[in-house]
Amino acid sequence: MLRLVLGADWVAVRDEILNRVAKDVNAQKSGIVLMVPELISHDMERRLCAAAGDTASRFAEVLSFPRLARRVAEMLDRAPEECLDGGGRIVAMAAAARSLHSQLKVYAAVENKPEFLTGLVDAVDEFKRCCISSQDLLSASKKSSGSFAQKLEELSLLLSAYEAICAQSKRDPRDQMTQLLNQLADGNYGERHTFYIDGFPDFTRQHLAILEYLIRVSPCVTVGLNCDKVSSDAMAFEKAGETAAELIRCAKNANIEVKIEILPADAEEKQKLSQKIEYILLAINQILWYNIKNFWIYVTNAIETPCIKVEGLL
């Protein structure tokens, strides 16, 4: 089952997710995984312990995607593969370009320049995050024309040669998520765990592929998103709204049940906002002696409206 918890207040969404994890911990349900971005993992571990108590670590753990990859590899008793560092990636790309010297035309003049090689490595990052393979680039080149088609074809050759070099030595670090997906399919980690996911405004294509697999095999996947509705048209919630719609499509393609819960607006939070506005007005009275002219305050329900107002005044 896929359960989406949506709310315009990201703190309320976070607290709701933590409360649900705490409820499962109190019921002594094992195999609970709370997935969050790496940057907030330590903070969420502290918050989980505060919400669920001292026994939280017995039944639940906080993981990021890279930590999930390590956990699954450990379960399968597989040693973590060594990855290329930044310099190693550039050296591998230089070797790939050198091996294709006779086939490169558009990029022949710059194939050994450090700036070009660094740009290629950055392009590899984007290709892998979006799950674009060398075959995809080659197919796109056949549908294009002119110099653009030639560039796509040569990028396809470079990516293919780079991956061949990585396969013979250390792998590219951006392949970690692809490796995680393969290892999830080899074992039963997804089937044995319940997943709660929070703190992500959106996901890369690699992450979506992993989530799609977990949605298919896990007893339940709960995702908290900071948006007011699915496919929200509000600028502040646009990314999260699109992510919700994408997750629903993934679940429906696998014939998985979807439940959507939208957290109601908190009357207490509205009261706090009104108090803040009053404090702002009081502060304005205190700074009037600065003789500030043409002072405006715009209170709106859309984040882009004040920006548009200011732009019109400049």
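This is a chat about a predicted model of one protein chain.

Reader: What kind of model is this, and how are residues numbered?
Author: The model is predicted, so to speak of local features we need pLDDT of at least 70, side-chain atom pairs count only at pLDDT 80 or more, and totals for chains, interfaces and linings use all residues. Residues are numbered from 1 along each chain as its sequence is written, and side-chain values use heavy atoms, with hydrogens and water left out.

Reader: OK. How many helices and strands are there?
Author: The chain has 14 helices and 6 strands. Those are DSSP runs numbered from the N terminus: helices are H or I with at least four residues, strands are E with at least two.

Reader: And how much of the chain is buried?
Author: Buried residues make up 37% of the 314 residues. Buried means under 20% relative accessible area, exposed is over 50%, and partly exposed is in between, with a 1.4 Å probe and protein chains only.

Reader: What about contacts between residues at least 6 apart in sequence?
Author: Of those, 77% join residues at least 24 apart. Contact means heavy atoms within 4.5 Å.

Reader: Let's do helix packing. How do H5 and H6 cross?
Author: H5 (residues 86-99) and H6 (residues 114-129) have axes that come within 9 Å and cross at roughly 105°. Axes here are lines fitted to C-alpha atoms, for helices over the stretch in contact, and angles run from 0 to 180 degrees between N-to-C directions. The two helices are therefore roughly perpendicular to each other. On that scale, under 35 degrees is roughly parallel, over 145 roughly antiparallel, 65 to 115 roughly perpendicular, and the rest oblique.

Reader: Which residues meet there?
Author: From H5 you have Arg 89, Ile 90, Met 93, Ala 94 and Ala 97, and they meet Leu 117, Thr 118, Leu 120, Val 121, Val 124 and Asp 125 in H6. These contact residues divide into 8 nonpolar, 1 polar and 2 charged. Ala, Val, Leu, Ile, Met, Phe, Trp, Tyr, Cys and Pro count as nonpolar, Asp, Glu, Lys and Arg as charged, and the others, Gly among them, as polar.

Reader: How does H6 pack with H8?
Author: H6 and H8 (residues 146-168) pack at about 85°, with axes 11 Å apart. That makes H6 roughly perpendicular to H8. Phe 116, Leu 120, Val 124, Phe 127 and Lys 128 in H6 meet Leu 155, Leu 158, Leu 159, Tyr 162 and Glu 163 in H8. This contact has 8 nonpolar, no polar and 2 charged residues.

Reader: Switching topic: what do the buried residues of H12 pack against?
Author: They pack against strand S1 (2-6), helix H11 (205-217), strand S5 (221-225) and strand S6 (258-262). The buried set in H12 includes Ala 244, Leu 247, Ile 248 and Ala 251.

Reader: What about Ser 231, where is that?
Author: Ser 231 is in the loop between S5 and H12. At 44% relative accessibility, Ser 231 counts as partly exposed. Its C-alpha atom is 4.2 Å from that of Gly 241, which is 10 residues away along the chain. Apart from neighbours within four places in sequence, Ser 231 touches Gly 241, Glu 242 and Ala 245.

Reader: Last one, aromatics. How many pairs?
Author: The count comes to 5 aromatic pairs. Rings of Phe, Tyr and Trp (its six-membered ring) pair if their centres lie within 6.5 Å; planes under 30 degrees apart are stacked, over 60 edge-to-face, and the rest tilted. The rings of Phe 65 and Phe 203 have centres 6.5 Å apart and planes at 80°, so that pair is edge-to-face. Phe 65 lies in helix H4 (residues 65-75) and Phe 203 in the loop between strand S4 (194-197) and H11, so the pair ties together parts that are 138 residues apart in sequence. Both Phe 65 and Phe 203 are buried.

Reader: Which residues form a cluster?
Author: Phe 65, Phe 200 and Phe 203 form one aromatic cluster.
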